[in-house]
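Subject: Handing over the model

Hi,

Here is the structure I promised to pass on. Have a look at it first, and then read my notes below.

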Amino acid sequence: MASGRCCTFLEILLAIVLPPLGVFLRFGCCSMEFCICLLLTILGYVPGIIYAIYVLIALDPDQYQREYYTLA
């Protein structure tokens, strides 16, 4: 459990520095969350940070696992 909290903490820190990077680590580069975060970051840095932190905290990571993890 502690490693999950540590990963979430690091993702949030990266989301503050570079918002799409934190979302990329959780959801990948071809996800809708990443595209929205990238667009918001291009339009304004603060909306990108707010959205990235919201996505990292509010959405359930187990629901968005990549398919190749479940196939292996």
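What pattern does the chain follow when read along the sequence? The answer is α-α-α-α-α: five helices and zero strands, where helices (H or I, at least four residues) and strands (E, at least two) are DSSP runs, numbered from the N terminus.

Some ground rules before the details. This is a predicted model, so local features need pLDDT of at least 70 and side-chain atom pairs count only at pLDDT 80 or more, while totals for chains, interfaces and linings use all residues. Residues are numbered from 1 along each chain as its sequence is written, and side-chain values use heavy atoms, with hydrogens and water left out.

**Confidence**

The chain has a mean pLDDT (the predictor's confidence in each residue, from 0 to 100) of 81, and 78% of its residues reach 70 or more. Where pLDDT is low, the predicted coordinates should not be read in detail.

**Burial and the core**

Of the 72 residues of the chain, 31% count as buried. The cut-offs are under 20% relative accessible area for buried, over 50% for exposed, and partly exposed in between (1.4 Å probe, protein chains only). As for contacts between residues at least 6 apart in sequence, 50% of them join residues at least 24 apart.

The largest nonpolar core has ten residues: I12, A15, V23, F27, F34, C37, Y51, A52, V55 and L56. By nonpolar core I mean a set of buried Ala, Val, Leu, Ile, Met, Phe, Trp, Tyr and Cys residues joined through side-chain atoms within 4.5 Å. At least two residues of this core come from each of α1 (2-17), α2 (19-27), α3 (32-43) and α4 (45-58), and α4 gives the most, with four.

Leaving aside neighbours within four places in sequence, C37 is in contact with P19, P20, V23, G48, Y51 and A52.

**Helix by helix**

In α2, the buried residues are P19, P20, G22, V23, R26 and F27. They sit on the same side of α2, because they cover an arc of only 160° around the axis (the arc is that of the directions from the helix axis to the C-beta atoms). After α2 comes G28, whose phi is positive, near 90°.

α3 has twelve residues and reaches 17 Å from its first C-alpha to its last, close to the 16 Å expected at 1.5 Å a residue; the expected span is 1.5 Å times one less than the number of residues in the helix. Buried in α3 are E33, F34, C37 and T41. These cover an arc of only 95° around the axis, so they are on the same side of α3. What covers the buried residues of α3 includes α2 and α4. On the other side of α3, M32, L39, I42 and L43 are exposed. L38, also in helix α3, is partly exposed, with a relative accessible area of 36%. The C-alpha atoms of L38 and Y51 are separated by 9.9 Å, and the two residues are 13 apart along the chain.

α4 has 14 residues and reaches 20 Å from first C-alpha to last, close to the 20 Å expected at 1.5 Å a residue. Its buried residues are G48, I49, Y51, A52, V55 and L56. V46, by contrast, has its place in helix α4 but is exposed, with a relative accessible area of 52%. V46 and I16 are 30 residues apart along the chain, with their C-alpha atoms separated by 9.0 Å.

**The cysteines**

C35 is partly exposed, at a relative accessible area of 41%.

Cheers

Methods: Contact means heavy atoms within 4.5 Å.
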